[in-house]
Amino acid sequence: LGMSPRDVMPTEAVRKGKVKFFNEEKGYGFITDNSTRDSIFVHINNINADELRENDRVTFEIEMGPKGPNAVNVKLA
């Protein structure tokens with residue numbers, strides 16, 4: 001297994017991912033992290049874009065919330 005820069009620097013703030021699901025009526029969805037394949041919860045208040053759609057490529061940061069990791073500062077990539 002090769003080491004990527006991400007393995008060496010786990011504190012890298014900006015992540016890349018793809019929108020797996022987003023419900024505009026309810027104001028939340030999930031992003032799949034490109035490197036970890038984890039599903040990260042995203043709330044509409046943490047999006048810096050007009051709208052998110054399934055399969056949009058995004059950049060985001062992770063913040064730990066009461067129920068686990070949340071995507072914040074989400075932008076279209």
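Of the 77 residues in this chain, 26% count as buried. The model on display is a predicted one.

**The overall layout**

Next, switch to a cartoon view. The chain holds one helix and five strands. Followed from the N terminus, these elements run in the order α-β-β-β-β-β. Contacts show how the chain is brought together: of those between residues at least 6 apart in sequence, 44% join residues at least 24 apart.

**Charged pairs**

Now turn to the charged side chains. Side chains of opposite charge can pair when their charged atoms come close. How many salt bridges does a search of the whole structure find? The search finds two.

Select D33 and R15 and display their side chains. These residues form a salt bridge, and their closest N and O atoms are 2.9 Å apart. D33 belongs to strand β2, which covers residues 28–33, while R15 belongs to strand β1, residues 15–23; the pair therefore ties together parts that are 18 residues apart in sequence.

Are D33 and R15 buried or exposed? D33 has a relative accessible area of 2% and is buried. R15 also counts as buried, at 10% relative accessibility. Both values fall under the 20% cut-off for a buried residue.

Move on to R53 and E51. Here the salt bridge has its closest N and O atoms 2.6 Å apart. R53 is exposed, with a relative accessible area of 52%, whereas E51 counts as partly exposed at 33%. The cut-off matters for R53, because a residue is called exposed when its value is over 50%.

**A stop in strand β2**

Finally, return to strand β2 and select T32, which is found in that strand. T32 counts as buried, with 16% relative accessibility. Which residues is T32 in contact with, leaving aside its neighbours within four places in sequence? They are K16, G17, K18, K20, R37, D38 and S39. Among these, K16, G17, K18 and K20 lie within the span of strand β1, residues 15–23. With T32 and these contacts displayed together, the viewer shows strand β2 beside residues of strand β1, the strand that also holds R15, the salt-bridge partner of D33.

Note on methods:
Residues are numbered from 1 along each chain as its sequence is written. This is a predicted model: local features need pLDDT of at least 70, side-chain atom pairs count only at pLDDT 80 or more; totals for chains, interfaces and linings use all residues. Side-chain values use heavy atoms; hydrogens and water are left out. Helices (H or I, at least four residues) and strands (E, at least two) are DSSP runs, numbered from the N terminus. Buried means under 20% relative accessible area, exposed over 50%, partly exposed in between (1.4 Å probe, protein chains only). Contact means heavy atoms within 4.5 Å. A salt bridge is a side-chain nitrogen of Lys or Arg within 4 Å of a carboxyl oxygen of Asp or Glu.
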